Amino acid sequence: MAERVRALDMIRHRDAASGDLLSGLPHAGGRAEALADGATILWGFAESAAEEIVTRAAAAAGFAGFEPDACLINRYEPGARLSMHQDRNERDFGAPIVSVSLGLPAVFLFGGSRRHDRPRRVRLESGDVVVWGGPARLTFHGIEPLADGHHPLTGHHRINLTFRKAG
Ligand SMILES: O=C(O)CCC(=O)C(=O)O
Ligand SMILES: [Mn+2]
């Protein structure tokens with residue numbers, strides 16, 4: 001539950017950087033700079049929230065010391081899917097993948113080491129964090145077509161961030 005709240009905080013902070021949601025936000029180590037009426041930049045804010053979620057989730061899953069250097073962001077609209085694939089673009093398969101989901105729920109398909117292994121279907125909701133690494137690092141996975149809906153944070157979208165050690 002704590003992870004969920006923190007992931008939601010992260011997206012709120014991002015929204016805040018471009019708009020109106022600033023007043024009263026707790027300040028968690030970043031630096032705030034007023035640009036003009038109603039606009040403020042929170043330097044380093046989302047990054048510090050993301051770092052905490054991701055490193056704690058990785059450690060809880062058995063990958064202490066995970067230091068991602070890349071974040072891939074996918075935005076899904078209703079009907080969008082991601083076919084079964086392995087994450088192979090990273091140089092070091094010793095590091096896990098840490099995935100943070102925000103907004104509309106989705107069905108995550110988590111298969112096996114072969115493309116046609118029957119996948120588990122796991123419903124991911126906003127704030128859920130999935131970590132896979134070690135013997136599971138090259139597991140085939142994908143996302144079922146997104147069902148339509150509305151989420152207060154993201155409207156008709158789902159956003160997924162995958163933190164990786166690419167280099
Ligand atoms: O959207 C997701 O939950 C998974 C994203 C993913 O597998 C990828 O970007 O490689
Ligand atoms: Mn992937």
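Q: Is G155 buried or exposed?
A: The general idea is a count of neighbours: a residue is buried if 20 or more other C-beta atoms lie within 10 Å of its own, exposed if 12 or fewer, and partly exposed in between, with C-beta atoms placed from the backbone. G155 has 11 other C-beta atoms within 10 Å, so it is exposed. The residue sits in the loop between β9 and β10. In space, the C-alpha atom of G155 is 7.4 Å from that of G103, although the two are 52 residues apart in sequence.

Q: What should I know about the model and its numbering?
A: This is a predicted model, in which local features need pLDDT of at least 70 and side-chain atom pairs count only at pLDDT 80 or more, while totals for chains, interfaces and linings use all residues. Residues are numbered from 1 along each chain as its sequence is written, and chains are lettered from A and ligands numbered from 1 in the order in which they are written.

Q: How many helices and strands does the protein chain have?
A: Helices (H or I, at least four residues) and strands (E, at least two) are DSSP runs, numbered from the N terminus. The protein chain has two helices and 10 strands. Along the sequence, their pattern is α-β-β-α-β-β-β-β-β-β-β-β.

Q: What is the strand order in the sheet that contains β3?
A: Strand order follows from pairing: two strands pair if DSSP finds at least two bridges between them. Here four strands form an open sheet in the order β3-β10-β5-β8, with antiparallel pairing. β3 and β8 (129–132) are the edge strands, each pairing on one side only. From one strand to the next, the twist averages 20°; for such angles, axes are lines fitted to C-alpha atoms, for helices over the stretch in contact, and angles run from 0 to 180 degrees between N-to-C directions.

Q: Which residues are bridge partners in this sheet?
A: The strand pairs can be taken in turn. β3 and β10 are joined by seven bridges in the antiparallel sense, and I73 has L161 of β10 as its partner. β5 and β10 run antiparallel with six bridges; V100 stands opposite L161, and G103 is partnered by R158 of β10. Between β5 and β8 there are four bridges, again antiparallel. There, V98 has V131 as its partner in β8, and S99 has V130.

Q: Why is one side of β4 and of β7 left without a neighbour in the sheet?
A: The sheet in question is an open one of four strands, ordered β4-β9-β6-β7 with antiparallel pairing. β4 (82–85) and β7 (120–124) stand at its edges with a single partner strand each, so one side of each has no neighbour in the sheet. The partner strand β9 (residues 141–143) runs antiparallel to β4 and is joined to it by two bridges. L82 has I143 of β9 as its bridge partner.

Q: Which residues surround ligand 1?
A: A residue is near a molecule or strand if its C-beta atom, placed from the backbone, lies within 6 Å of it. The shell around ligand 1 consists of L72, N74, L82, D87, S99, S101, F108, H141, I143, N160 and T162. β3 (70–76), β5 (97–103), β9 and β10 (158–164) are the elements that give two or more residues to this shell. By class, four of the shell residues are nonpolar, six polar and one charged. In this scheme Ala, Val, Leu, Ile, Met, Phe, Trp, Tyr, Cys and Pro count as nonpolar, Asp, Glu, Lys and Arg as charged, and the others, Gly among them, as polar.

Q: How many residues of β5 and of β10 are buried?
A: In β5, seven of seven residues are buried. In β10, five of seven are. Over the 167 residues of the protein chain, 27% count as buried.
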